[in-house]
Amino acid sequence: MQKKSTLPLSDANANRKKKEVRNKETLVKLLRWHFGYPDFRGMQLDAIQSVLAGKDCFCLMPTGGGKSMCYQIPALAKPGIVLVVSPLIGGENQVMALKEKGIAADFLSSTKTADARVKIHEDLDSGKPSTRLLYVTPELIATPGFMSKLTKIYTRGLLNLIAIDEAHCISSWGHDFRPSYRKLSSLRSHLPDVPILALTATAAPKVQKDVVESLRMQNPLILKSSFNRPNIYYEVRYKDLLDDAFADLSNTLKSLGDVCAIVYCLERSMCDDLSSNLSQSGISCAAYHAGLNNKMRTSVLDDWISSKIKVVVATVAFGMGIDRKDVRIVCHFNIPKSMEAFYQESGRAGRDQLPSRSLLYYGIDDRKRMEFILSKSGSKKSQASSSQEESSKISLIAFNQMVEYCEGSGCRRKRILESFGEQVAASLCGKTCDACRHPNIVARCLEDLKTVCALRHKSGSSRVFITSATAAINGEQLSEFWNRGEEASGSEEDISDSEDGNDVVNNLTRSKLQSRLGVNEKLAMLQRAEENFYRNNNSYKQNNKVDKNAISDPMRGSSRQRLQNALKQVHQRLDNKIEVDTSASFLEDECYKKYGKAGKSFYYSQVASTVRWLTTASSSELMNRLCAINASAEAEQSLRQLNSPSNRHLLWILVQKMIPAMNTLVMLDQKLLRVLCQWKAVRLIIPTCHKYHPSLNS
Ligand SMILES: Nc1ncnc2c1ncn2[C@@H]1O[C@H](COP(=O)(O)OP(=O)(O)OP(=O)(O)O)[C@@H](O)[C@H]1O
Ligand SMILES: [Mg+2]
């Protein structure tokens, strides 16, 4: 790309020239000439004028707010160099975009070839460098060789400004602390008179204080814009209330058409699995995480930027500085670790200011996993905080804001903004979050979630079985939630999230809940469960055909072993009251049923989560749960004996007798009974059947 000439500024005496450089008209002209934008946004002009006047400035602007312009325009306003400290990816992208506009920018980093580096150094040493914006990584600043080069440029009076992009990385209070940023404190002592511009979208007051102090900024102008992103619609969906969160995600992405999207996951392996699952369902996507080599990462990024692929399934490694304006949806498939992280990541949607969405899938297991990780993760941050314990406490407090965002019924937007200390008028949202647009549905979801938690707490059991909340929301109808009794007795609950309908039957036998539903609703629900059963069975078969992700028998064996090891300890705690082998097989089977078709890492993470539960649950939780498993294993044994054609008729009679007695369904048809048999639902009914038909005992 040809170099664009700098906009000629009138040349009079030095003082007048200095002032002229800062006057609005001149700066707007530069903006139009180089970038084609009609005017400055928000506080851009204030920041630009401040640094051109030689003053330090701390600039807090929302994601996509246009922070880069605050140092790009000063670089074009007067001769000399603006040094931009930035993380690698973000810097490289910006340099590429600037070069395309004919602006002399370069990135000096270890990823450059030796030749390219020599060229840049020659230009810097020339006494009249053509480079206007020199991007570097914080690591480079820390090297003595580069600092002496900078000092040379500075003594020649050619260093106009030091811009620290993503400045929150300096602070261990921020969500993305990077030790290399800490070393930037040496800039002020080596280059005392150069104004420093710190830019971030992280608003925590502690971060601001940390940044200002670490960089030794002097009486900086503090500019803060509102963090509101009015063009983003915020929504939370509850994994524990969805039939199948993967299917829900995939359907959501498909329903939006061929749009550009980011899906964030917690773990690399989950990115790989989710990406391959989405690809299998026809979505153009790829995984991006730190486990891929540089070449792969660059190629995924290039393909996504150039629209060859539409969806990137990524860890947080896909992050800072990625400037694709038309991301229409950012999904979090796992809950992020803090509101700041969530804000930054979701903020990658709609940088073109057009309507966009943030969709977070919240799951109780994810929450527990994150709490576990954060409680162990203090050591990383302990450099700045007094102890590891304190540091993990801070992380957990930060995480709690995220939990409140998901579990609260109030406006999501308000919650985000208030977490950054903004006062928010009730009318601000204007129904641009699910809680404001569908308050009843959200309230109901939360009620259901409470029920799920209560059931788990009582019996160590897992989730309820309901149809997708999404469908209900999209259809503007009431959702199909039915399990709303808080005091539901869950004694015969099992942890299973299996999609085979056990949950339906389990829940049907919970008498407190039953009275709340009409027969038709219950039948409809059974029918849906039946459809799900067949649908899941089919997709399972289909997936299995192509399965490089398949979970092999040895893998399952080693998972059983893991569970057995954990169960042995539980066994001792519970005075040898449980069957280790039976329980291990049962728990492993559950993990497999739940995530077998989703891939290895989903499966492994479910196994890990079960092991964690075994090591952290209370004795009574363990007793309830594990005794239920043993009882259920016995019941299954009985089922095998019972499920012969001649016994089916008997079963049918039993079901008819038993269910009305329990005030549930007054009738079932043969078809549904067949389904019940296939779901092995009878195994759950059988213990109850004994009461009604003692002859069964024989
Ligand atoms: N005055 C303006 N008018 C219109 N568009 C602008 C203006 N200033 C910047 N932009 C555009 O807005 C987009 C976002 O800008 P930028 O990347 O600087 O945001 P940011 O604040 O650094 O966001 P993030 O925190 O996500 O890095 C860019 O595409 C940029 O070109
Ligand atoms: Mg930026």
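I take helix axes as lines fitted to C-alpha atoms over the stretch in contact, with angles from 0 to 180 degrees between N-to-C directions. Helices are DSSP runs (H or I, at least four residues), numbered from the N terminus. The model is predicted: local features need pLDDT of at least 70, and side-chain atom pairs count only at pLDDT 80 or more. Residues are numbered from 1 along each chain as its sequence is written.

Entry: helix pair.
I looked up α26 (residues 553–573) and α28 (residues 600–616). Their axes come within 9 Å and cross at roughly 10 degrees. The two helices are therefore roughly parallel (angles under 35 degrees). I checked contacts, meaning heavy atoms within 4.5 Å. On α26 they include Leu563, Ala566 and Val570; on α28, Tyr604, Val607 and Val611 are among them. By class, I find 11 nonpolar, 3 polar and 4 charged residues.

Entry: ligand 1.
I find 17 residues around ligand 1 (a heavy atom within 4 Å). Tyr37, Lys67, Ser68, Lys325 and Arg351 are the closest. Next I looked up polar contacts (N or O pairs within 3.5 Å). A backbone N or O atom of Asp39 sits 2.9 Å from a ligand nitrogen. The side chain of Gln44 puts an N or O atom 2.9 Å from a nitrogen of ligand 1. For Lys67, a side-chain N or O atom is 2.7 Å from a ligand oxygen. The protein covers 89% of the 640 Å² of accessible area that ligand 1 has on its own (Shrake-Rupley, 1.4 Å probe).

Key: Chains are lettered from A and ligands numbered from 1 in the order in which they are written. Side-chain values use heavy atoms; hydrogens and water are left out. Angles under 35 degrees count as roughly parallel, over 145 as roughly antiparallel, 65 to 115 as roughly perpendicular and the rest as oblique. Ala, Val, Leu, Ile, Met, Phe, Trp, Tyr, Cys and Pro count as nonpolar, Asp, Glu, Lys and Arg as charged, and the others, Gly among them, as polar. A polar contact is a pair of N or O atoms within 3.5 Å; within protein, one must be able to donate a hydrogen and the other to accept it, and residues adjacent in sequence count only if both atoms are side-chain atoms.
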